[in-house]
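Keep the sequence and the 3D view side by side.

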Amino acid sequence: MIKRLLAGVVGAGVLGGLGFLYYAWYPSIATITPPAASSFSAEQIERGRIVAAEGYCAECHTRTDMGGGPELAGDYKMETPFGAIYSSNITPDPETGIGRWSEDALRRAMRYGVSREGEHLIPAFPYDHFTKMTDQDIADLYAYLMTRPAVHMTQRPNELPFPLSLRIGQAAWKLMFFTPGVYKPDPSHDALWNRGAYLAEGNAHCGACHTPRNLMGAEKKGSAYDGAVVDNWIAPPLNEHNPTPTTWTEEELYQYLRNGVAPLHGPAGGPMSPVAHRFLATVPEEDVHAIAHYFADVDKAAEREKHDPAALALAMEQSKKDLIGPNSDPDAKLYQGACAACHYNAAPSPVLGRPDLALNNALWLDEPTNLFQVMLRGLTAEEGQSGVAMPSFYNALSDADMARLAAYLRRTRTTLPPWKDLEKKAADVRKTVTPIPVNSSH
């Protein structure tokens with residue numbers, strides 16, 4: 001009897017292993033001669049440019065360290081809890097890029113996360129979102145990529161430890177967390193909502209940054225858009241858990257995504273800045289409106305907006321208090337000297353160019369990470385609101401100074417509990433920021 005049970009267990013294991021190998025195996029797709037640019041119409045290439053912009057392809061496929069690199073040639077370093085991963089070259093170079101990939105090969109990579117050679121791709125490439133893209137969008141993207149300048153450049157090897165470095169292991173990850181399939185419109189919503197959902201959940205892969213991940217690096221499906229840490233910044237919640245006192249309405253979202261600044265929420269900084277300024281500023285307005293329309297529903301704007309007038313009035317009152325009469329609070333004096341000149345206004349509502357900190361996400365999040373990042377980095381005139389800059393305080397403020405400012409703003413601008421260990425957290429964030437030269441004009 002025991003032998004029969006053991007034989008059954010072994011047999012089931014063998015069959016399961018064979019089944020997994022069958023699931024994991026993909027054949028190589030034959031190489032092609034790189035297509036001539038003239039084989040694609042100008043209209044298709046332009047549609048592909050829009051697809052690439054809405055998917056931020058150049059953001060993750062262009063090296064930014066080591067002096068930077070050619071656009072789309074890869075080698076962008078992505079720090080993950082498992083080790084550094086470097087993006088691939090997606091220019092039409094036939095040797096180091098995708099010049100010998102057919103359209104079918106690109107479609108398989110986008111839809112199933114499998115390379116032309118049949119290797120499983122690491123999910124740092126968000127194929128769990130790209131799988132929702134239509135064949136037409138993928139075909140247009142192919143036309144655009146194949147007409148970019150070919151760049152001969154290889155990426156640095158990934159730094160994943162064994163056994164995570166084994167590509168077959170990615171198949172096991174897919175078995176647990178990946179469901180391929182093109183986006184299916186929700187009949188309970190209108191066409192604008194569905195267009196926004198298609199872009200946000202698919203090509204724009206918003207959840208890749210704004211959804212927390214589990215220990216295996218997969219998005220927590222029950223926590224969609226709950227916010228997450230990305231590149232040493234906090235990508236805030238995009239749903240009803242967003243803590244700001246004024247609502248991210250459809251119009252606020254549109255202004256932020258299209259122009260990089262929202263009147264009641266302030267400018268886009270950090271990893272979000274290029275999304276607005278470099279990419280979404282160049283796509284059809286109706287697509288940006290669609291994304292804003294979708295997220296205004298996700299964050300339940302219609303239900304929350306009724307609280308905005310009171311929150312706005314309180315924010316403006318708090319802003320004015322800082323410059324009215326003498327103030328014996330030493331933290332208030334530090335704020336007056338370092339911040340108030342730009343973040344104060346006496347208008348009845350916030351004025352663009354002078355973002356009211358009482359309304360900004362950075363003060364309402366569970367951690368002061370984003371507040372410290374902006375203090376240390378500043379914002380250039382190309383980030384945030386176009387043409388308006390904030391200087392870096394990397395050299396002007398110590399960790400203790402930043403901690404005092406953060407504590408002061410948190411207690412005078414919000415109704416939330418104080419942050420803890422602020423000086424240590426300021427020091428931790430400083431370690432992630434490149435030092436600013438003392439004689440720099442920035």
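What follows is a tour of the interface between two domains.

Start with the layout. This is a predicted model. Its chain divides into domain 1 (24-177), domain 2 (191-302) and domain 3 (309-432). We stay with domain 1 and domain 2. Their centres, taken over C-alpha atoms, lie 23 Å apart.

Now look at where these two domains meet. Domain 1 puts 23 residues in contact with 27 residues of domain 2. The size of an interface is often given as the accessible area lost when the parts come together. Here, domain 1 and domain 2 bury about 2,200 Å² between them. Carbon and sulfur atoms account for 56% of that area. On the domain 1 side, Glu54, Tyr56 and His129 lose the most area to domain 2. Together they make up 32% of what that side buries.

Next come the polar links. Eight residue pairs are in polar contact across the interface of domain 1 and domain 2, with both residues at pLDDT 80 or more. The count of salt bridges between domain 1 and domain 2 is two. Find Arg278 and Glu71 as well: their side chains meet in a salt bridge, at 2.8 Å from N to O.

Which elements give two or more residues to the side of domain 1 that touches domain 2? They are helix 2 (42-54), helix 3 (57-60), helix 5 (127-130) and helix 7 (168-177). Helix 2 gives the most, with five residues. By class, this side of domain 1 has 13 nonpolar, three polar and seven charged residues.

Note on methods
Residues are numbered from 1 along each chain as its sequence is written. This is a predicted model: local features need pLDDT of at least 70, side-chain atom pairs count only at pLDDT 80 or more; totals for chains, interfaces and linings use all residues. Side-chain values use heavy atoms; hydrogens and water are left out. Domain bounds come from an automatic or database domain assignment. Contact means heavy atoms within 4.5 Å. Buried area is the accessible area (1.4 Å probe) that two parts lose on being put together, summed over both. A salt bridge is a side-chain nitrogen of Lys or Arg within 4 Å of a carboxyl oxygen of Asp or Glu. A polar contact is a pair of N or O atoms within 3.5 Å; within protein, one must be able to donate a hydrogen and the other to accept it, and residues adjacent in sequence count only if both atoms are side-chain atoms. Helices (H or I, at least four residues) and strands (E, at least two) are DSSP runs, numbered from the N terminus. Ala, Val, Leu, Ile, Met, Phe, Trp, Tyr, Cys and Pro count as nonpolar, Asp, Glu, Lys and Arg as charged, and the others, Gly among them, as polar.
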